[in-house]
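Dear colleague,

Please find the structure below, together with its sequence. My notes on its pockets and core follow.

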Amino acid sequence: MPRLLLALAAALVLLAAGAHGFRIEEASLATIQQGFGNGSLTSVQLVQFYLDRIRGLNPLLRAVIEVNPDALRHATHADAERRHSSGRYLAAGAGGLLHGVPILLKDNIGTRDALNTTAGSFALLGSVLPRDAGVVSRLRRAGAVVLGKSNMDEWANCRSLPGTDGWSARGGQARNPYVLTASPCGSSTGSSIAAAASMAAVTLGTETDGSILCPASLNSVVGIKPTVGLTSRAGVVPISPRQDTIGPICRTVTDAVHVLDAIVGYDALDAAATAAASKYIPHGGYAQFLKKGGLQGKRIGVPNGFFNYANGTVQHIVYQQHFYRMWLQGATVIENLDIENLSVILDSLHNGEQIALAAEFKLSLNSYLSDLSNSPVRSLAQVIDFNNAHPVEEKLKEIGQLIFLVAENTTGIGATEKVAISRLNKLSADGLEKLMNEHELDAVVTPDSALSPVLAIGGMPAITVPAGYSNSGVPFGLSFGGLRGYEPRLIEMAYAFEQITNVRKAPTFLP
């Protein structure tokens, strides 16, 4: 690692104060709005801070693919709105808290502006969307400033079986800001790194199977994977309509919940899923469930097969301490529970998941590409051809594109795919859903993103919260997972856990 970059990172870690002594690094949405309100901070100053921080840290971390050339102009507009609003934008609620605040979007979340939306691939460079993604429209209505696009595993890890562990052709290799040689995980890699390293106030990621929970856990931030359909997928480069979801990645549960409040809701362009999930959205939003006593009376399951750490290891000791703390807070912690057919659920190559995903990906991607106003490629077949024509830039020899080739060979949702989807639905119903209902559980807890395959096939939600650091300084998390629509109780537990443990610390940039 070049010493100059490490020295620069160390200097930026020491940078604590921004405008008029306001501490911007690690600032929460509430403190940012307080700064706006008392005049110690403006949106322009905040955006400039993050642009400077990206300029300083990105050569090391590769968390950001591109910044919005219009971000400062939008921040100026936000400041002018605030001056003339008589407090209208400072009212309670997610809209007020996001007004004038810079947010980074994963590079598969579409924007109709000066930014590209490429899923990290050169194949989509220059493509133009007809409109903002549904979640982006909601963020703009809340007054947020789109700061830029974050790096990601190219094509959200749907190009080859090994994945790319935080690499994309456009963004390069992203690095974990705690231990630079450790895995940053993916596919919402850049969003997680940027949140951890204060390269943005808040960020958005996407998940099909682990893509929020894994990088959030390994970069010591909070990630919320919402129930499928709770947030619109319209305008997002897709993989599977059964499993895709968009969620916040932030430094605190509170900030993540406020972002969630801003992006949930019905979207006519993702009508079936958002209409079905809208019944889960509570009157008054999700922030009301940020309760310090949120663990009291909860029944939390600890399923077998996940906490397989040797006695005496940091993870074994820390997780046991966390279970004890939750018990002290009034939770009933039930261990030694079995998820039926767990080994089958975790074997995505043989349980039917890859059969279903391949067909869904081709159909969904071709539909997305055909809807673009302009694009260098209009089908998965053309993306494959692009990679063949640009093998060096796209690391074709090292990474390959096996999933692309398999997907291109599919012919829609036929009998084989329907059988696979039916099997996945049964595995979910007989697995976690049955376990939680029989034991009347409010949540199950697992390390990092270990539960993500179980949640993915049922479209179920989870929240990961920083839980500790290994002997070498690599972060690990604790995920609270539940049934569809369980966000309120998951938020209560995750927030209470965060408040009693207070684990998270700023990045260390260890080599």
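What volume does the second largest pocket have? The second largest pocket has a volume of about 490 Å³. This is a predicted model, in which local features need pLDDT of at least 70 and side-chain atom pairs count only at pLDDT 80 or more, while totals for chains, interfaces and linings use all residues. Residues are numbered from 1 along each chain as its sequence is written, and side-chain values use heavy atoms, with hydrogens and water left out.

A pocket here is an open set of points on a 1 Å grid over the protein atoms alone, where a 1.4 Å probe fits, with protein on both sides within 12 Å along at least five of seven lines; lining residues have an atom within 4 Å of a point. A volume is the space filled by probe spheres set on the points, which are joined across faces, edges and corners.

Lining the second largest pocket are 30 residues, and those nearest its centre are Arg 233, Ala 234, Gly 235, Val 236 and Pro 238. Helix α13 gives the most to this lining, with 4 residues.

The largest pocket holds about 590 Å³ of space. Its lining has 29 residues, with Ala 156, Asn 157, Leu 161, Asp 209 and Gln 354 nearest the centre. Here too, α13 gives the most, with 4 residues.

With kind regards

Notes: Helix = DSSP H or I, 4+ residues; strand = E, 2+ residues; numbered from the N terminus.
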